[in-house]
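Take a look at the model first, then try each task before you read on.

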Amino acid sequence: MASLPSDTRAAFDLLLEDCPTVANTIRVVFISQIYSLIHDKSQADSELQLLESQLVIRRITVAQEVGEYVFVLREELEQYVKLFMHEPTSGEQIPSSENQVAAHTSYTSPLLKDTNPACCLSEVFCSQILANHLQPTISLSRLTAILAQAPNLFLPPTKVIAMLKTWGFLTTRPSSELFSFSLPNIGPIIAMVLRGRKEALSFIRRKKFKDVLEKDLLKHKLKTSTLGSKFHMQDIVGAELVRLVKTPTGNLLQLI
């Protein structure tokens, strides 16, 4: 008999039904949303780590203002990586011939004939880097070693890392040799989350007692976000920007 999903997995699946989507490809669940449904943060964190170790979900680094991490399905992430690397939206393209390689570098890694370089890089990124390194960060030395051992890549690791940074799959702080895994094109969603959060809190702050019934907030149409009042209600509850109090007339959201 199959075991029942954990509370956090059930909450994650529920949130996937109505969550932000990057490039119409990959659904993104914010940690604040999860905490709004699973009030025991230790339980949520433990069960999220288990899902990561089972290669079900992947933790992605975002702005600290929205909880520092979001979570995506590993399967959808791999699909997004492959689609993006085949048609990168930035000007940085993957060389597809030995002549183009020579124009980039004198590096002489083995080159397989009739091999699509985008497929090679996406395969290495998904099956060797993401699958074998579950932490949200990776050191420069570790990343360089993985890339140097990849047989089908014909660019030096330094060039590949620079491309991954340009595209937005890796971010780093100045003078740091530690990279965080990120997601291209997630910036507009982060900005919308912050705008909607600010508007939702402002709506509550204007109330006489700086509180509002949950049902009244859900009815309020936000002007600065298309993510919906339900998303932003979950966000401010999970981020502990409001206190949720049960009353005879329904859940009450109080500013903290």
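In sorting residues by class, Ala, Val, Leu, Ile, Met, Phe, Trp, Tyr, Cys and Pro count as nonpolar, Asp, Glu, Lys and Arg as charged, and the others, Gly among them, as polar. This is a predicted model, in which local features need pLDDT of at least 70 and side-chain atom pairs count only at pLDDT 80 or more, while totals for chains, interfaces and linings use all residues. Residues are numbered from 1 along each chain as its sequence is written, and side-chain values use heavy atoms, with hydrogens and water left out.

**Exercise 1. The second largest pocket**

Find the residues that line the second largest pocket, sort them by class, and name the element that gives the largest share.

Solution. Start with the terms. On a 1 Å grid over the protein atoms alone, a pocket is an open set of points with protein on both sides within 12 Å along at least five of seven lines, whereas a cavity is a set where a 1.4 Å probe fits but cannot get out; lining residues have an atom within 4 Å of a point. Grid points are joined across faces, edges and corners, and a volume is the space filled by probe spheres set on the points.

Step 1: the volume of this pocket is about 160 Å³. Step 2: its lining consists of Ser36, Leu37, His39, Glu214, Met233, Gln234, Val237, Leu244, Lys246 and Asn251. Two or more of these residues come from each of α2 (31-37), α11 and β10; helices (H or I, at least four residues) and strands (E, at least two) are DSSP runs, numbered from the N terminus. Step 3: α11 gives the largest share, 3 residues. Step 4: by class, the lining has 4 nonpolar, 4 polar and 2 charged residues.

**Exercise 2. The sheet with β10**

Work out the strand order of the sheet that holds β10, and say which strands stand at its edges.

Solution. Two strands pair if DSSP finds at least two bridges between them. Step 1: β10 and strand β11 (residues 250-255) run antiparallel and are joined by 6 bridges. They form a hairpin with 2 residues between them. Within this pair, Lys246 stands opposite Asn251, and Arg243 faces Gln254. Step 2: β9 also pairs with β11 in the antiparallel sense, over 3 bridges, with Leu213 opposite Leu252. Step 3: put together, the open sheet has 3 strands in the order β9-β11-β10, with antiparallel pairing. Its edge strands are β9 (211-213) and β10 (242-247), each pairing on one side only.

**Exercise 3. Helix α9 and its partners**

Describe how α9 lies against the sheet and against α11.

Solution. Contact here means heavy atoms within 4.5 Å. Axes are lines fitted to C-alpha atoms, for helices over the stretch in contact, and angles run from 0 to 180 degrees between N-to-C directions. Step 1: helix α9 (residues 187-205) lies across β9, β10 and β11, at about 95° to β11. Step 2: the axes of α9 and helix α11 (residues 229-238) come within 9 Å and cross at roughly 80°. That makes α9 roughly perpendicular to α11; angles under 35 degrees count as roughly parallel, over 145 as roughly antiparallel, 65 to 115 as roughly perpendicular and the rest as oblique. Step 3: Met192, Val193, Gly196, Arg197, Leu201 and Ile204 in α9 meet Phe231, His232, Asp235 and Ile236 in α11. The residues of this contact divide into 6 nonpolar, 2 polar and 2 charged.

**Exercise 4. The largest pocket and the sheet with β8**

Solution. Step 1: the largest pocket holds about 250 Å³ of space, and the strands in question are β7 (170-172) and β8 (178-181). Step 2: their open sheet has 3 strands in the order β6-β8-β7, with antiparallel pairing. β6 (137-139) and β7 stand at the edges with a single partner strand each, so one side of each is left without a neighbour in the sheet. Step 3: Thr137 stands opposite Ser180 in β8, and the pocket lining includes both Thr137 and Ser180. Step 4: the lining divides into 3 nonpolar, 6 polar and 2 charged residues.
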